[in-house]
Amino acid sequence: MQERKNTTKYLLPVAFAIILVVSLALGVRFLRGQLMKLTIEERSNQLEEMVTQIQVNLDTGLQTHWNLVAGLNNAIQGNHYQNSQELCDTIARLEQVFCTDMYGSRVMLLDAQGTAYLRSGPVGIWLDVSHLLDGKNQHTFVSETDNIDGCFFVFSQELDSPITMGEENVRLTHVVLLKDINTVKQYYITTTYGGEAATYIIKENGTLAYFDADEDDAIGARNIYKALKEAQYVQGRSFDMVKEQLDRDGIAAAHILLNQTEYYYCLTALEHYDMTLMLLIPADCVAVSTMNMMNATVRTQTIFMSIMAALTLLAAMSFVTVYRSGQKVKVEQETNKELNRLRMEAEAANKAKSIFLNNMSHDIRTPMNAIIGFTNIALKQNPKPEIKACLDKINGSAEHLLTLINDVLDISRIESGKIQFSPIPVDITEVAETVVNVTYGFLSDRNLTFQCNLAKPKTPYVLADALRIREVLVNILGNAVKFTDDGGRISFAASYRPGEDDRHIVARYRVEDTGVGMSADFIEHIFDEFSQEENGARTKYKGTGLGMAITKRYVDLMGGTITVESQKGAGSAFTVTIPLEVTDESKIRRRDTGSGSRDLTGVKVLMAEDNDLNAEIAMIQLEELGTRITRASDGQEAVNIFTQNPAGTFDIILMDIMMPVMNGFEATAVIRGLPNRPDALRIPIIAMTANAFAEDVQASLDAGMNGHLSKPIVMDELLKIIARNLNR
């Protein structure tokens, strides 16, 4: 009897604990289901926002090409050509005048039978001509045909007045701009998901028009819609439901399984192009914070379940555990609140620094332009020797100050992540040869022995950021010249070895000198910012101490390494290795280095410049070469002068960017859009501005300008760009 009582005494708490555990387990399961539902909704919403932004970027980027089409239509409508060769030569000339290479585009003309003409000649009946038979004046779609190599966005417009050709008066009815689809990557690429997102451009019938991703295609099918329809859907969705939502709302997202892996995809209609844009992302890359929160919540509930079961038996311990848990949550909340405050302060400080650097770049470069410009003008007046010596020192000091400004701006932009590694096809041997030529310029007034050993790789054509490699090597060689006394020796060697596979090589550059060398303690800090050994080094050798810090950042960006060996008083040796991917020679874009002669006699220039000193400098130097200058003090005045004068009054426009009333971008847009002024689209417009960052150059090109010169203006570069754009 006593044994039964003892059993009953323990049975009730155990039964209660079991019931409690089961109840909590069911509650955790229900909570997990609700959190999973919320996670899926958040992931879908996040994807839709991302894809909507990509759609806006793509539409905005492609819409600018209609300006080119309009210009082409105005330039050729109603003309007659003697034969197809003359027609193709005209196409080549149009591509040069309208700088279509800058947009990754090609020009094509179609006759009434559908025969396509490119600059290389006729290529037969265009297989996509059926798209143009619906009676519309303009068409946009994706073309991928056998007789025209490549995949393109097509911008087709029926000519306002047909072209005729030959004695038979063959009629050409349409002008077509073929935009290489690979060049639109900048509009839809996203790094939000760590490079895991894949972008698909899908034709109206569901077939794949273009695919872009760092990894292999997870869908692996030609007809994307068919593959999505056959995929396994989560949460009771189906492709038919997704397609219905896409047709209704223009955007739809879903959660699927592909090869036992969860993915999210989002479709959005590109209604102007009869295509659909799709973003496909692994599920574990989307809404990561929400998933972490869900898992943390489930874990917390599980722990809580265990605690509650224990509480049935050990009530006293439960109160201690709950109290401590509450204190822990409170501490975490306070910590998170403080971290959030510090993050916001850091973001505000970084934004303020960026604004300051942009303003500093513009505000300092503007007076620097005046100092260097007037110094050069004075030097041309054959001054007395003692005055010339002073002017030379002013010029050298100004250029040195400009170098210091550039170093400070570069290190700041590297730290903020605004400088990116951008490899393009190049001949890697030309990089080393260019560096050698620059180094000979450093040695012009020095008594130093310079030895070179430049090896030739079996495959010199690689993907590389040639500009960054040159900056790295020129910086190291410049320091070698600076820190080596006359009578010393400097050597530069370039060699190449196989990489990780047949598609890669490793470039190795070594610079040795017999200069002042460095102590072992300083070598550890050579790549720190503002580092210079000894207190008097900055006075003796000049500089900010940023050169090697910038060099190290560039090498790291390219995935390379840089090492240094040095001994005080015995010289230094720097070794740089950079991994490179091999490419084909056919992908190397050869630049036309010829810019014509510098005879600018009679060239009529419209110059928009609000700064009187900068305007005076440019006018003096250009008028010495025989040009005729008309100055506008702001963008609105430049537009008024251009519109109030007949076509042909001006040959070229020099446009400042930051001006009162109307800035340079706005003035360019107004001029390019002037009706009944065919010269408004053709006239070269060159930006001359104190804004010197890479994004400023791109902004000028995007605004419809033909070139960009940063202040202080180098007169030789200004003459080159004028001569090149006027083909003189």
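Q: What makes Gly 71, Asn 74, Ala 75, Phe 98, Pro 678, Leu 681 and Arg 682 the lining of the second largest cavity?
A: Each of these residues lines that cavity, because a lining residue has an atom within 4 Å of a point of the cavity, a set of points on a 1 Å grid over the protein atoms alone where a 1.4 Å probe fits but cannot get out. Helix H2 (65-76) and helix H18 (679-682) each give two or more residues to this lining, helices being DSSP runs of H or I with at least four residues, and strands runs of E with at least two, numbered from the N terminus.

A friendly note on the model: it is predicted, so local features need pLDDT of at least 70 and side-chain atom pairs pLDDT 80 or more, while totals for chains, interfaces and linings use all residues. Residues are numbered from 1 along each chain as its sequence is written, and side-chain values use heavy atoms, without hydrogens and water.

Q: Which element gives the largest share of that lining?
A: H2 does, with 3 residues.

Q: How much space lies in the second largest cavity?
A: About 40 Å³, where a volume is the space filled by probe spheres set on the points, joined across faces, edges and corners.

Q: Why is Met 688 called buried?
A: Its relative accessible area is 5%, and buried means under 20% (exposed is over 50%, partly exposed in between; 1.4 Å probe, protein chains only), so Met 688 counts as buried.

Q: Where is Met 688 found?
A: Met 688 sits in strand S24 (residues 685-689).

Notes:
On a 1 Å grid over the protein atoms alone, a cavity is a set of points where a 1.4 Å probe fits but cannot get out, and a pocket is an open set with protein on both sides within 12 Å along at least five of seven lines; lining residues have an atom within 4 Å of a point.
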